[in-house]
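Hi everyone, thanks for coming.

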Amino acid sequence: GVTWSDFGLSINMLSVRSIAVAPTSPSVYMTGVGSFGGVTHNTACFLSSGPTLACGLFGLDSNAIVALDPSHSCTSYLGTDNGKVYRNSSCSPISYTQLGSALSGNVRSLAVHPTDQVTVYVGTDGGVVYKYVASPSAAWLSLATLDGSVAALTIDSSNASTLYAGTSAGSVYKSTNGGISWDRTSFAGSAVNAIAANSTSV
């Protein structure tokens with residue numbers, strides 16, 4: 001993060017809302033886009049391998065938050081402004097299916113379990129962190145309510161029980177029990193919109 005260079009690609013007339021990169025395939029990435037200039041677009045996702053940018057408007061809902069399954073780069077997730085989360089499990093054709101019912105609030109962050117693709121965490125603009133469980137019945141569980149819009153969520157890849165969340169109130173939270181309880185570990189002083197973590201640092 002010390003120096004940055006232009007990637008050489010642009011998405012005209014759309015605002016980039018989120019970016020996800022496949023850990024096992026760095027050339028595969030995805031961006032979610034939203035409204036620009038007062039115009040709201042349908043959910044758009046862009047999946048790329050190498051220098052070619054393949055674009056698709058999937059017509060789901062507006063303003064996409066995206067995530068890629070860390071262990072299956074063809075499995076992707078979309079979260080939208082009306083509280084819906086979708087999953088696609090195929091490289092081709094791409095087809096998204098809604099997970100469970102709509103959540104209360106707009107989706108602002110997504111995190112996928114590093115080894116269990118049916119476990120997904122979501123943060124909303126109402127401050128609620130949800131967990132999707134497929135068994136015994138597919139449903140979203142409300143885990144906690146934090147102090148602002150949960151714009152950032154990430155899972156420690158070396159310990160999937162450890163999660164970090166960042167909020168619009170400037171707080172960074174940590175959970176060591178899969179999101180059941182959270183402790184505020186730091187205060188950034190301004191909105192936290194992204195978090196990256198590994199086994200040694202956040």
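Which residues of the largest nonpolar core touch the most other members? Before I answer, a word on the source: this is a predicted model, where local features need pLDDT of at least 70, side-chain atom pairs count only at pLDDT 80 or more, and totals for chains, interfaces and linings use all residues. Residues are numbered from 1 along each chain as its sequence is written, and side-chain values use heavy atoms, with hydrogens and water left out.

Now the core. The residues that touch the most other members are Tyr 77, Val 85, Leu 110, Val 122 and Trp 140, out of 15 residues in this largest core. By nonpolar core I mean a set of buried Ala, Val, Leu, Ile, Met, Phe, Trp, Tyr and Cys residues joined through side-chain atoms within 4.5 Å. Buried is under 20% relative accessible area, exposed is over 50%, and partly exposed lies in between, with a 1.4 Å probe and protein chains only. E5, E9, E10 and E11 are the elements that give two or more residues to this core. There is also a second, separate core of 12 residues, and among them are Val 129, Leu 146, Val 150 and Ala 165.

Contact here means heavy atoms within 4.5 Å.

On to the sheets. Strands are DSSP runs of E, at least two residues, numbered from the N terminus, and two strands pair if DSSP finds at least two bridges between them.

A hairpin of two residues joins E5 to E6, and the two strands pair in the antiparallel sense over five bridges. Val 66 sits opposite Leu 78 in E6, while the bridge partner of Ala 67 in E6 is Tyr 77. What about burial? Five of the five residues in E5 are buried. Ile 65, Ala 67 and Asp 69 point one way, and Val 66 and Leu 68 point the other. As a reminder, side chains in a regular strand alternate between the two faces of the sheet.

In strand E7 (residues 85–88) we find Asn 88. Asn 88 counts as buried because its relative accessible area is 2%. Its contacts beyond four places in sequence include Cys 74, Ser 76, Pro 93 and Tyr 96.

The other open sheet I want to show has four strands in the order E9-E10-E11-E12, again paired antiparallel. Strands E9 (107–112) and E12 (139–145) are at the edges with a single partner strand each, so one side of each has no neighbour in the sheet. E10 and E11 run antiparallel and are joined by four bridges, with Gly 123 opposite Val 129 in E11.

Where is Asp 125? Asp 125 is in the loop between E10 (120–124) and E11 (128–133). Asp 125 counts as partly exposed because its relative accessibility is 32%. The C-alpha atoms of Asp 125 and Gly 105 are 5.9 Å apart, although these residues are separated by 20 residues along the chain.
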